[in-house]
Amino acid sequence: MEHLRWDGDRLIVLDQRYLPEKVKYVECKTVEDVAKAIKDMVVRGAPLIGISAAYGLVLARIKNQNLEEASYLLKAARPTAVNLAWAVDEFLRREKSGRDPKEIAEELFLEDLKTNKAIGENGTEVVPPNARVLTHCNAGALATAGFGTALGVIRRAKAKIKMVYADETRPYLQGSRLTAWELAEDDIPVTVIADNMAGYLMKQGKVDLVIVGADRIAKNGDTANKIGTYSLAVLAHSHGIPFYVAAPSTTFDFSIDNGTQIPIEERSSKELAEFNGIKLISDKCQVYNPAFDVTPHRFITGIITERGILRAPYSVYLKRLLGN
Ligand code: MRU
C-alpha cells in the first residue's frame, strides 16, 4: 500500500492512526501540515518521519518560506529519532548546490528503500531455519520508505520464518495494528501477543531471536527504540536469546557517547488514559507516558546495518564499518 506520495504541489500520506481498520489519507500543503502530521503520528517510524520532513522542506521552498525556521519546526516535531534531524540537515546540504528540492526529497526516499533492502540482505544470516522471531513496535515498510528494517530482515528471510511474534506495543499499538497487519498482508505467519507475555514465551522456549528497529544509536551502541524494548532486551539476555537491532547508518548519532544523552519524548497522557475516547483511568491518577527507552549495548547481540553487522565493542566496529 502506498503510504507517502508527492502529488504536484502537496504531500499525501497514509494516516497510520487508523490502520488496519480504515485506509485514510492526509494532504499536507504546507510545512506546518507536515510538522503536525509527524507530531500527531499520522506518519511515524524514524526513517519515514525524516523523509516526510524532507518533503516538508520542499513545501517550504515552494512557498518561499525561511528554510531555517522550517527546519526548526520540523526537527522539534519529535525529539528522539535522530533520522528526522539527519534528513533535514542532509536536505539542506544537498540543496545548497542549487538542486531541485523535490528531486532531493525523492532521492532520500529511494536511498532509504535501497538501504532497507541491504539491511534485509545482511540480516538474513542471523535468522536460523524455522525461526520464531519476536519483534516490538513497527520497524516495517510503514515506518520507512518501504521494506522496513527489522521487518526487512524478516521479509528477506521469509523462507526461514516459522512464526513472528508481534508485541502489541502499548500504548500506541504499533505492533498489533501495523506490524501484524504488514506481515499478514505478506503471508508471513504472525501471532500477536500483549507486551507482558514476552517473558512467558521465552521461558517456554518459543522465541529463537528478537529483532527490533531503532530511533537513535549512541557511539557505544546504546540504542533508543519504542518503550518496552529495554524490558525485552533484559528478558532476552536472561534467557540466552540473541537480541538484534536493525537500523540504517542514519540512525547513529556520532555526537553522543552513550544512551544517557538521548532525549526521550514524553507523549500525551491521553494515549494511556483513554481508548477510542473511552476513559480507562480515573482523573485522580497521574499518568507517565515516555514513548521510548534506551537499551544498554551490553544487551545487544548485534546491530544490522546496510553496511554489515556491528558487534561489540561497537565503537571499534563503528569506526571500521561506518568510518566514524
Ligand atoms: O513512535 P513511533 O511509532 O514512531 O516509534 C517507532 C519505533 O520505535 C521504531 O521501532 C523505530 O522508529 C524504527 S522504524 C524503522
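Me: What should be kept in mind about the numbering and the model?
Reply: Residues are numbered from 1 along each chain as its sequence is written, and side-chain values use heavy atoms, with hydrogens and water left out. Since the model is predicted, local features need pLDDT of at least 70 and side-chain atom pairs count only at pLDDT 80 or more, whereas totals for chains, interfaces and linings use all residues.

Me: Why is the pair of Phe252 and Phe254 called stacked?
Reply: The ring centres of Phe252 and Phe254 are 6.0 Å apart and their planes stand at 15°, so this pair is stacked. Phe252 is buried because its relative accessibility is 6%, while Phe254, at 27%, is partly exposed.

Me: What makes the charged end of Lys24 count as sitting over the ring of Tyr18?
Reply: The rule asks that NZ of Lys or CZ of Arg be within 6 Å of the ring centre and within 35 degrees of the ring normal. The charged end of Lys24 is 3.9 Å from the centre of the Tyr18 ring and sits over it; likewise, the charged end of Lys117 sits over the ring of Phe147, at 5.6 Å from its centre.

Me: Why is the contact between Glu27 and Arg10 called a salt bridge?
Reply: A salt bridge is a side-chain nitrogen of Lys or Arg within 4 Å of a carboxyl oxygen of Asp or Glu. The closest N and O atoms of Glu27 and Arg10 are 3.1 Å apart, so the pair qualifies. It joins distant parts of the chain, with Glu27 in strand 3 (residues 25–28) and Arg10 in strand 2 (residues 10–14), 17 residues apart. Glu27 counts as partly exposed because its relative accessibility is 39%.

Me: How many salt bridges does a search of the whole structure find?
Reply: The search finds 26 salt bridges, among them that of Asp40 with Lys36, at 2.6 Å from N to O. Another joins Arg216 and Asp253, whose closest N and O atoms are 2.6 Å apart; Arg216 lies in strand 8 (residues 216–217) and Asp253 in the loop between strand 10 (243–246) and helix 10 (270–273), 37 residues apart, and both residues are buried. A network of salt bridges links Glu90, Arg93, Arg94, Arg99, Glu103, Glu107 and Glu111.

Me: What makes the pairing of Glu121 and Arg156 a polar contact?
Reply: A polar contact is a pair of N or O atoms within 3.5 Å; within protein, one must be able to donate a hydrogen and the other to accept it, and residues adjacent in sequence count only if both atoms are side-chain atoms. The side chains of Glu121 and Arg156 are joined by such a contact of 2.8 Å, and their C-alpha atoms, 35 residues apart along the chain, are separated by 6.4 Å. Glu121 is found in helix 5 (residues 101–123) and, at 41% relative accessible area, is partly exposed.

Me: Which side chain has an N or O atom 2.5 Å from an oxygen atom of the ligand?
Reply: That side chain belongs to Arg44, while for Arg78 the distance to a ligand oxygen is 2.8 Å and for a polar side-chain atom of Asp215 it is 2.9 Å.

Notes
Phe/Tyr/Trp six-rings, centres within 6.5 Å; stacked < 30°, edge-to-face > 60°. Buried < 20%, exposed > 50% of the residue type's maximum accessible area, 1.4 Å probe, protein only. Helix = DSSP H or I, 4+ residues; strand = E, 2+ residues; numbered from the N terminus.
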